[in-house]
Amino acid sequence: MESIGVALFGLGRIGKIHLKNVLLNKRLTLLWIVDESEDNVKAELEHYGGQKEIQIAATRQIENVLADDRVSAVVICTPTDTHADLTIQSIKAGKHVMCEKPMSESNEKVAECYDTSEQCGKILFDAFNRKFDKSYRSMYDKVRSGEVGEVQFIRSTFRDTPLWRGAETFTQTFLCHDIDICCWFAGELPDSVVCVATAHDEKIKQAGDVDSCVVTMKFPNGAIGVMDFARYSCYGYDIRLEVFGTRGMLKMEPALESTVNEYRLTGKQESPFCASFPQRFQDAYIAELDHFIDAIQGKVEIYVGREVCERIGIVLDAIKQSYKTGTVVKITSNKQ
Ligand SMILES: NC(=O)c1ccc[n+]([C@@H]2O[C@H](COP(=O)([O-])OP(=O)(O)OC[C@H]3O[C@@H](n4cnc5c(N)ncnc54)[C@H](O)[C@@H]3O)[C@@H](O)[C@H]2O)c1
């Protein structure tokens, strides 16, 4: 099969991960990189021997990229508030789109993105990488096959590091992952949500955001979901998941940097935790890109589609409302 021509938009933290994976993927040919800084792109490409055949465009030149007929697919790694417009523009130009999560914080925009993709017959994939991680996936398969019995409790913990004070809010960039996981395991949309949150970091507080929160969700099937999130963990990247049911519990532990343990008079010392998301989800980022290509080539249906994104948007809205009002927020939407 012919190699798929790709343009990559945004070369920041996640864009650099996708850059590497696109370059290594034999089914893709990277043709363009679009970023606000040309110097940033040139410096990054130096790690890959310069890659002179890849064209670099500034944000304002995006139309040239979309007019290039060799480009069949676009990977969007720009800040969240730019995703929806870039997605719509790209699909209208005839490109398949893989967009970083979340597609948008506006449910109307998410709907517009999917409407456009359906009207134009182009693939739209919101890259929720955890769904392509082997540990999450094997836990999910076990839960679905009834190994823990009836699910009563889902606990998703996310303690991030290093401290990232980017412009995005805790709901924009972080919580959507855990919402996705809790709803995926519960198999439905919660009917009520409550959020307690605070900021310990002075700069984050001044920016009107929070760095620590707990969200509790009740699902119609009786399961309770709890997400606890900290924007900075001093001991490493700590991602865990517990699913407790009538027949047992499954627990995903945080990933370690290596499998080497040290044994001394003072006891056993395990390896440190993974440094951050590029290390923890390295394989998942490769797998999600392959999934996108498989969908373009007609081999699979997109796994994270419209329903998933709409569900996350509904829960995010309820969380924001609960945080603002300090109340339990009921969700009445019939979207599952
Ligand atoms: N799936 C994951 O694990 C994961 C991890 C981190 C970030 N993200 C998501 O990826 C997105 C980007 O986050 P980040 O941390 O990489 O941000 P970042 O700030 O590190 O990088 C964003 C890049 O986009 C460029 N940019 C900004 N506007 C642009 C435009 N209109 N066109 C082209 N380039 C533009 C900037 O110059 C910058 O290089 C966010 O939506 C975030 O939620 C996902």
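Colleague: Which residues do ring pairs link into a cluster?

Modeller: Keep in mind that this is a predicted model. The structure holds 15 aromatic pairs. Some of these ring pairs join up into a cluster, and its members are Phe125, Phe132, Tyr140, Trp184, Phe185, Phe292 and Tyr303.

Colleague: Is the aromatic pair of Phe281 and Tyr285 stacked or edge-to-face?

Modeller: A pair of aromatic rings is described by the distance of the centres and the angle of the planes. For Phe281 and Tyr285, that's 6.5 Å centre to centre and 75° between the planes. Planes over 60 degrees apart count as edge-to-face, so the Phe281 and Tyr285 pair is edge-to-face.

Colleague: And are Phe281 and Tyr285 buried or exposed?

Modeller: The cut-off for buried is under 20% relative accessible area. Both Phe281 and Tyr285 come out as buried.

Colleague: Over which ring does the charged end of Arg13 sit?

Modeller: Arg13 is among the residues that come nearest to the ligand, along with Asp35, Thr80, His83 and Tyr285. Its charged end lies 3.8 Å from a ring centre, and that ring belongs to Trp164.

Note on methods
Residues are numbered from 1 along each chain as its sequence is written. This is a predicted model: local features need pLDDT of at least 70, side-chain atom pairs count only at pLDDT 80 or more; totals for chains, interfaces and linings use all residues. Side-chain values use heavy atoms; hydrogens and water are left out. Rings of Phe, Tyr and Trp (its six-membered ring) pair if their centres lie within 6.5 Å; planes under 30 degrees apart count as stacked, over 60 as edge-to-face and the rest as tilted. Buried means under 20% relative accessible area, exposed over 50%, partly exposed in between (1.4 Å probe, protein chains only). A charge sits over a ring if NZ of Lys or CZ of Arg is within 6 Å of the ring centre and within 35 degrees of the ring normal. A residue is near a molecule or strand if one of its heavy atoms lies within 4 Å of it.
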